[in-house]
Amino acid sequence: MTISDVIKKRRTIKSFKPDPVRESELLFWLETASYAPNHRLNEPWEILIVGAETRSKLNHKKDFGGAPVVLAILSKPAGTPFERDENVMAVSCFVQNFMLAAHEAGAGVYWSSMGNLPQNRDILGVAPEYDVVGVLGIGYPAEVPAAKPRTPIASKISYLA
Ligand SMILES: Cc1cc2nc3c(=O)[nH]c(=O)nc-3n(C[C@H](O)[C@H](O)[C@H](O)COP(=O)(O)O)c2cc1C
């Protein structure tokens, strides 16, 4: 697969097989993800591996579609609102890299933003100065949905003098 194929064929997966994900594979995808661009090389991502008890408290859609692994991806505190935004941007790049590395290996990811809701932040035990960029269900897809067509990109482009 070319990089363009990997990008275009990745789908949000909401139903997983029970097959486990090897820890070495998971770490490889995370390590790959860490090559995301990030300002001042501050590597603002932190990863929580969510265990069964926390997962049941989160009580997310059919237990994250039966995903064998659930991670919460946090963005580190920053000194200013501008830098905090930068951190969230870099962590978003990290998550996209992670999803693409997993997809290349035949796995799939469900990215949910529910982790940043106040009650879910409490369940995850996240300090106020952190952002929860996503809670990810990860595993091997039981179902792959059809691609959702995108708006022609030309309609998103404006020209400045
Ligand atoms: C920041 C972010 C938050 C998301 N949160 C949710 C979510 O809470 N629930 C959900 O069903 N999908 C969520 N998604 C996944 C989108 O719904 C999905 O990417 C979109 O429908 C396009 O489908 P595709 O990923 O298969 O191309 C999120 C995606 C992003 C980037």
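Which residues have the most contacts inside the largest nonpolar core? In this predicted model, local features need pLDDT of at least 70 and side-chain atom pairs count only at pLDDT 80 or more, while totals for chains, interfaces and linings use all residues. Residues are numbered from 1 along each chain as its sequence is written.

The core in question has 30 residues, and Val70, Leu71, Ile73, Ala102, Leu136 and Ile138 have the most contacts inside it. Such a core is a set of buried Ala, Val, Leu, Ile, Met, Phe, Trp, Tyr and Cys residues joined through C-beta atoms within 7 Å; buried residues have 20 or more other C-beta atoms within 10 Å of their own, exposed ones 12 or fewer, and partly exposed ones fall in between, with C-beta atoms placed from the backbone. Two or more residues each come from α2 (23-33), β2 (69-75), α5 (81-104), β3 (108-112) and β4 (131-139). Helices (H or I, at least four residues) and strands (E, at least two) are DSSP runs numbered from the N terminus. Helix α5 gives the largest share of this core, seven residues.

Turning to the backbone, Arg40 has a positive phi of about 60° although it is not a glycine, and Leu41, also not a glycine, has a positive phi of about 50°. Arg40 sits in the loop between α2 and β1 (45-49), and Leu41 is found in the loop between α2 and β1. Arg40 is exposed because 9 other C-beta atoms lie within 10 Å; Leu41 counts as exposed, with 7 C-beta neighbours inside 10 Å.
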